[in-house]
Amino acid sequence: MRRSSSILALFLALPALLAAPPKAGVHGLDLAGMDRAVAPGDDFFAYANGGWVKRTEIPGDRGSFGVDHEVTDRTDRRVASLIRAAAAAKAPAGSELRKIGDCFNSFMDEKTIEAKGLAPLQPTFKAIAAIRDRKDLARYLGTTLRADVDVLNATNYDTANLFGLWVAQDLDEPTKYSPFLLQGGLGMPERSYYLDPSEGMVKIRAQYLVHVTAMLKLAGVPEADARSRAVLDLETRMATVHASREDTGNVLKGNNHWRRSEFGAKAPGLDWETYFAAAGLTQSQTFVVWQPDAFRGLSSLTAEVPLEVWKDYLTFHALQGRAKVLPMAVSEQSFSFYGKVLSGAAKPRERWVYGVAATNQALGEAIGKAYVQTYFPPSEKVRAQKMVANLIAAFRARILALPWMSPETKAKAIAKLDTLKVGVGYPDRWRDYSGLKIVPGDAFGNAERAERFEYERNLRKLGQPIDRTEWVMTPQTVNAVNLPVMNALNFPAAILQPPYFDPKRPMVMDYGAIGAVIGHEISHSFDDSGCLFDATGRLNNWWTPEDLKHFEASTERLVRQFDAYEPFPGLHIKGRQTLSENIADVAGLAAAFDAYRLSLGGKDAPMVQGLTGDQQFFLSYAQSWREKTREPQLRQQILTDGHTPAAFRPTTVRNLDAWYPAFHVKPGQTLYLAPADRVKIW
């Protein structure tokens with residue numbers, strides 16, 4: 001890989017300033033965290049995690065808490081130690097090390113933030129006040145476009161700006177980048193928060209109105225009580241024209257190419273030429289409009305809704321969008337709704353946690369260089385790469401053994417698997433942050449410039465060759481991702497640590513945890529969306545009609561299986577909305593099980609902690625999804641997220657034959673499925 005020797009040398013010269021890695025806990029399964037009074041065939045999550053659930057309280061500053069949060073907290077502490085070392089290094093001005101320290105210290109300097117008040121926002125407020133006609137409105141809206149959405153990789157569909165930009169490989173011509181445009185503009189998580197007539201949602205809307213009113217008052221807007229109602233009405237009209245979460249996740253519905261010259265006719269209302277000019281998109285002639293009906297509706301609103309209402313709306317969002325780098329009165333008001341109401345948290349996180357997040361967002365890969373040098377030894381990368389190779393071999397064998405798939409379709413699937421580019425730990429090439437200006441004592445400006453820097457970095461991709469080495473996650477991110485158009489996977493260093501990946505415990509447990517994650521991400525290349533792309537990343541049906549029909553019938557059974565889960569009375573998991581992730585869970589877990597067996601050369605794993613190898617595998621999987629979630633946040637996740645809630649993901653085991661004898665699961669138990677009813681997709 002390519003390293004920046006200067007920044008690494010400075011970090012390595014500061015060992016006394018780097019905190020020792022926190023202890024990762026017990027190496028092995030948490031037997032005390034189980035609840036053996038629960039039959040595994042009735043509730044496998046409770047069997048594996050019930051003891052932990054009973055004794056664990058969600059911290060007051062969280063909407064949820066579990067193993068993922070523990071790993072993320074450990075990683076944040078490590079990153080904080082690296083950042084503080086950077087701040088203490090007195091590095092040359094303009095160096096990455098200096099930028100990291102200045103960015104974090106500026107965020108943490110609450111005294112300066114308080115002293116500045118809302119002065120950093122005054123240029124924005126003046127620009128909003130200067131809107132005199134619809135052309136001015138289009139110009140201002142164009143300046144707010146940012147690269148803050150992601151259709152297929154991180155599946156981040158939400159932006160508070162009217163529209164969001166994603167620059168990625170074109171789905172029809174994957175040899176070039178295209179600008180993708182997505183709907184936005186809402187201050188609440190999703191359209192149902194505005195439109196759902198249930199008592200709970202009505203209450204949330206009332207609390208949101210209180211929040212909008214309070215923020216407008218903080219901005220000095222007169223008659224804020226009446227004007228906030230108009231802002232909420234505007235957002236409600238936006239929500240009415242928004243595409244649903246389910247439709248937004250449908251690739252075939254989203255792949256709509258519009259010529260620049262067609263926007264005025266296809267989505268009249270907004271002055272599109274002025275908008276694109278202000279957004280810096282003057283060179284692009286073709287766009288992918290992901291939700292056409294939403295664009296028509298939102299564009300129409302820019303012509304129909306009074307300008308004064310738009311200006312109040314923009315004022316509110318300008319204040320809300322920068323709440324964490326504005327005086328405490330603003331950040332506390334923001335938390336009162338987004339923290340307390342939407343997630344159920346009682347208090348905000350400690351400020352340094354937000355500071356780490358802000359610095360990661362601005363200079364993520366610069367920090368990532370030091371993170372992998374300090375916390376990701378080469379031996380762990382080699383061990384992870386070996387596991388990935390075993391998972392791919394297992395997946396290959398599963399494809400070849402499918403009794404229902406034709407040789408023609410199998411050949412195409414194998415070709416796709418053979419071209420899969422897997423990144424482990426960190427990217428081959430690091431980003432260049434020399435063009436990012438970080439100013440000491442300017443937390444607000446640093447956030448603005450970092451956001452703009454990322455936007456312009458994405459604009460520069462247009463017209464350039466495709467870079468398959470680019471990562472969409474930093475090494476210090478506790479997550480993993482499949483990039484379907486790139487036909488690539490990223491496994492950041494931070495997820496390759498205990499308890500997911502632990503060199504001090506039997507490998508079978510790692511296969512049940514990180515192995516299932518690796519299998520999950522490989523399987524995304526073949527889920528209901530990934531299966532639409534061929535080995536080159538082109539949106540292309542490579543299936544025979546009979547094979548596709550069989551595949552879709554299997555996925556429909558999985559939809560029904562997850563539709564049946566009911567976390568709250570009357571509120572079911574959305575099997576269609578979560579289908580991609582559920583397919584990846586089922587197929588990934590099956591491949592991980594086969595890979596664990598493959599790694600032993602056909603031998604049985606030794607008994608450990610009184611458990612057989614198969615029991616270790618499945619319990620490790622269930623304990624990797626250990627989590628407790630407050631009701632407001634869980635309801636929000638069910639409505640907005642493409643992932644099934646953590647407590648229900650261990651139910652995936654009921655589709656694997658090997659789970660049944662391992663835990664003596666019998667007919668009549670809640671999770672029991674007859675062999676013919678077990679969903680086997682890959």
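## Close-up views: a cavity and a buried serine

**View 1. The largest cavity in this predicted model has a volume of about 40 Å³.** Rolling a probe the size of a water molecule over the atoms shows where empty space is left. In this structure, 1 cavity of 30 Å³ or more turns up.

**View 2. Ten names to find: the lining of the largest cavity is made by Thr 112, Ile 113, Lys 116, Gly 117, Pro 120, Val 325, Gly 441, Asp 442, Ala 443 and Phe 444.** If you sort these lining residues by class, you get 5 nonpolar, 3 polar and 2 charged residues.

**View 3. Two helices, H5 (110-116) and H21 (443-459), each supply at least two residues of the lining of the largest cavity.** Which helix gives the most to this lining? Helix H5 does, with 3 residues. Ala 443 and Phe 444 are also among the lining residues to look for.

**View 4. Now to another spot: Ser 525 sits in the loop between helix H23 (514-524) and helix H24 (545-563).** Is Ser 525 buried or exposed? Its relative accessible area is 2%, and because buried means under 20%, Ser 525 counts as buried.

**View 5. The side chain of Ser 525 meets the side chain of Asn 482 in a polar contact of 2.9 Å.** Which residues is Ser 525 in contact with, leaving aside its neighbours within four places in sequence? They are Lys 416, Leu 420, Asn 482, Asn 487, Gly 530 and Cys 531.

Methods: Residues are numbered from 1 along each chain as its sequence is written. This is a predicted model: local features need pLDDT of at least 70, side-chain atom pairs count only at pLDDT 80 or more; totals for chains, interfaces and linings use all residues. Side-chain values use heavy atoms; hydrogens and water are left out. Helices (H or I, at least four residues) and strands (E, at least two) are DSSP runs, numbered from the N terminus. Buried means under 20% relative accessible area, exposed over 50%, partly exposed in between (1.4 Å probe, protein chains only). A polar contact is a pair of N or O atoms within 3.5 Å; within protein, one must be able to donate a hydrogen and the other to accept it, and residues adjacent in sequence count only if both atoms are side-chain atoms. Contact means heavy atoms within 4.5 Å. On a 1 Å grid over the protein atoms alone, a cavity is a set of points where a 1.4 Å probe fits but cannot get out, and a pocket is an open set with protein on both sides within 12 Å along at least five of seven lines; lining residues have an atom within 4 Å of a point. Grid points are joined across faces, edges and corners, and a volume is the space filled by probe spheres set on the points. Ala, Val, Leu, Ile, Met, Phe, Trp, Tyr, Cys and Pro count as nonpolar, Asp, Glu, Lys and Arg as charged, and the others, Gly among them, as polar.
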